[in-house]
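Here is a friendly note to read with the model open beside you. Take the points one by one, and find each residue on screen as you go.

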Amino acid sequence: RTITAPGGVTIKASDDGDVAALGNSASVQKSTTGIGIGAAVAVLLNNTTASIANDTTIVTAGAVDVSATTTENTEPGFTGMFAAEAMSGATGQELSVAGSLAVAFTNSTTDASLGHFVPVDDGTNIAAGAVSVIADNTSELAAKAWGGSLSTSGNGIGASIATIVSDDTYEATVGTSASINAASLEVSATNEKVNNPFSYLT
């Protein structure tokens, strides 16, 4: 296959994923035992891919831009929010138990690629413009769990667990036997640093 585009070629894919989960529980017992359990689980599964297929001939005097971008919880309204927050409370005369679990999990793939056996030039063996293959991932995930228990005459037990699991991958590649005659070539995969909006918690 051949793509002829004198002004340039742009292949872009982007995904904006936002998630917020809240779980809470409260138990009030005037006698005996009070038990409260709160749980919140947030899961993000995204696949963002921008590619030019194998055995594709690119004929252009302009730039070739292949880019894939993934963002998680960076949109207005989600910045600074907990992806998962769980809270619980319990009161009991003899025994009170409160437990909270918050889990934020992300498994996202961000991939930008120029395939195998892909020649790039203007069709007359003159260099094309700048060629860029860029994958960019920006994720902001935080989890919080808290619980409180009160027993008027016995024992009070409280336990809270918050965890974040990130299994994101980001990759930018140029295939084998790609013949690129261009003004410049940039291939980059970046996991962006997010300034901590939760610094007030430390």
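1. Let us begin with a term. Two strands count as paired if DSSP finds at least two bridges between them. With that in hand, look at A130: the bridge partner of A130 in strand 16 is S184. Please keep in mind throughout that this is a predicted model.

2. Now for the sheet around that pair. Four strands form an open sheet in the order 2-7-12-16, and their pairing is parallel. Strand 2 and strand 16 are the edge strands, each pairing on one side only. On average, neighbouring strands of this sheet are turned by 5° against each other, with direction ignored.

3. How many bridges join strand 7 to strand 12? There are nine between strand 7 (residues 63–72) and strand 12, and the two run parallel. To find your place there, look for S67, which stands opposite I134 in strand 12. Strand 12 also pairs with strand 16 (residues 182–191), in the parallel sense and over nine bridges.

4. Next, the nonpolar cores. The largest has 18 residues, and those with the most contacts inside it are I52, I58, V64, V66, A112 and V120. At least two residues of this core come from each of strand 2 (8–17), strand 5 (47–52), strand 7, strand 10 (109–114) and strand 12. Strand 12 gives the most, with four residues. A second, separate core holds 12 residues, including A83, A84, A86 and L141.

5. V120 deserves a visit of its own. Leaving out residues up to four places away in sequence, V120 touches I58, V64, A128, V131, S179, I180 and N181.

6. Which two residues form a salt bridge? They are D65 and K12, with their closest N and O atoms 3.9 Å apart. The pair links distant parts of the chain, since D65 lies in strand 7 and K12 in strand 2, 53 residues apart. The structure holds one salt bridge. In general, side chains of opposite charge can pair when their charged atoms come close. Is K12 buried or exposed? K12 counts as exposed, because its relative accessibility is 60% and the exposed class starts over 50%.

7. Three strands make an open sheet in the order 3-8-13, with parallel pairing. The edge strands are strand 3 (21–28) and strand 13 (143–151), each of which pairs on one side only. The twist from one strand to the next averages 0°. Strand 3 and strand 8 (residues 84–92) run parallel and are joined by eight bridges. To locate this pairing, look for A26, whose bridge partner in strand 8 is G89.

How values were computed: Residues are numbered from 1 along each chain as its sequence is written. This is a predicted model: local features need pLDDT of at least 70, side-chain atom pairs count only at pLDDT 80 or more; totals for chains, interfaces and linings use all residues. Side-chain values use heavy atoms; hydrogens and water are left out. Axes are lines fitted to C-alpha atoms, for helices over the stretch in contact, and angles run from 0 to 180 degrees between N-to-C directions. A nonpolar core is a set of buried Ala, Val, Leu, Ile, Met, Phe, Trp, Tyr and Cys residues joined through side-chain atoms within 4.5 Å. Buried means under 20% relative accessible area, exposed over 50%, partly exposed in between (1.4 Å probe, protein chains only). Contact means heavy atoms within 4.5 Å. A salt bridge is a side-chain nitrogen of Lys or Arg within 4 Å of a carboxyl oxygen of Asp or Glu.
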